[in-house]
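Please open the structure in your viewer and keep the selection panel at hand.

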Amino acid sequence: MDGKLVPWDDANVHVLSNALHYGTGVFEGIRAYETDKGTAVFRLTEHIERLHRSARAYRVPLEWSVEELVEACRTVMRENGLESGYIRPIVYYGLGAIGLNPTGATSHTAIAAWRWGAYLGEEGVLNGIRVGVSSWRRISSAAFVPVAKGCGQYLNSVQAKMEAISNGYDEALLLNSDGNVSEGSGENVFVVRDNAVFTPPVSSGILDGITRHTVMTLLARDGIELREATLTRGDLFNADEVFFTGTAAEVTPVREIDSRPVGNGRPGPITRRTQELFQRLISGGDPELGHWLEYV
């Protein structure tokens, strides 16, 4: 916290912190993996660069450089003795302004790390998850900055996620204000039809995900046709395969959408190939893209 290691029980913030009341903060989610060469953080520098962009977009002061934060993430992993895990950097406004103008409030930076398994469950990774199209629309670029990870804007995702769970689904999928497919509550989405892969463009209101970019790179290199395209809700029902990607979700198949089976209701061959390529990469078995693994 602010450059010093703090015990878990002492990592506290004041109840009148501006970020608690108004969501005035930005954050990242980063995974570290155990490899034959030791613990490696996946695309750490790119995540911290995005943290800086998010802070700039929402005018949250961030005094630490990319290089300093990269090393701080490594330090937190080492000091906690984690061979793999999830890293959560957050930059937020604290005390000094309890109103809608946070100028004058203190700014703080914290980094936590812990062990975390499959976000959508091991069963979901293996056999696919059930997804419901949310009644909530994805935040618009006219109201927020969808390409940034602002704390307050994730209330949109919270609403969608809680609705999905209460309706018996594992996850939500949000449409944008035009009624086209955007993304999950915390994941990018890919649709497979006739052996071609499609994913919504940034203009559909998505987060330009780092795992999304990784998967697009892997599939293109593997010779699989891939296109960014505006997708409708009907495209989901006509899909042969659907899968989610994200730091937390990694590559998770979708077996059902709105109580309709996707394809034959089981993860398809392109989804499985994507999982295989991604797993090989994060375990250190892809020398061509080995620079994406930053060792602790």
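Begin by selecting L44, I48, L51 and I87: of the 24 residues in the largest nonpolar core, these touch the most other members. A nonpolar core is a set of buried Ala, Val, Leu, Ile, Met, Phe, Trp, Tyr and Cys residues joined through side-chain atoms within 4.5 Å, where buried means under 20% relative accessible area (1.4 Å probe, protein chains only). This is a predicted model, in which local features need pLDDT of at least 70, side-chain atom pairs count only at pLDDT 80 or more, and totals for chains, interfaces and linings use all residues. Residues are numbered from 1 along each chain as its sequence is written, and side-chain values use heavy atoms, with hydrogens and water left out.

Next, colour strand 2 (30-35), helix 2, helix 3, strand 4 (85-93) and strand 5 (107-114), each of which supplies at least two residues of this core. Helices (H or I, at least four residues) and strands (E, at least two) are DSSP runs, numbered from the N terminus. Which element gives the most to this core? Helix 3 does, with six residues.

Now select I87 and its contacts (heavy atoms within 4.5 Å). Leaving aside residues up to four places away in sequence, I87 touches E28, G29, I30, V41, C73, M77, I111, A112 and A113.

Finally, display helix 2 (residues 44-57) with helix 3 (residues 66-79). On the helix 2 side, L44, T45, I48, E49, L51 and H52 meet V66, L69, V70, C73 and R74 of helix 3.

Key: Axes are lines fitted to C-alpha atoms, for helices over the stretch in contact, and angles run from 0 to 180 degrees between N-to-C directions. Buried means under 20% relative accessible area, exposed over 50%, partly exposed in between (1.4 Å probe, protein chains only).
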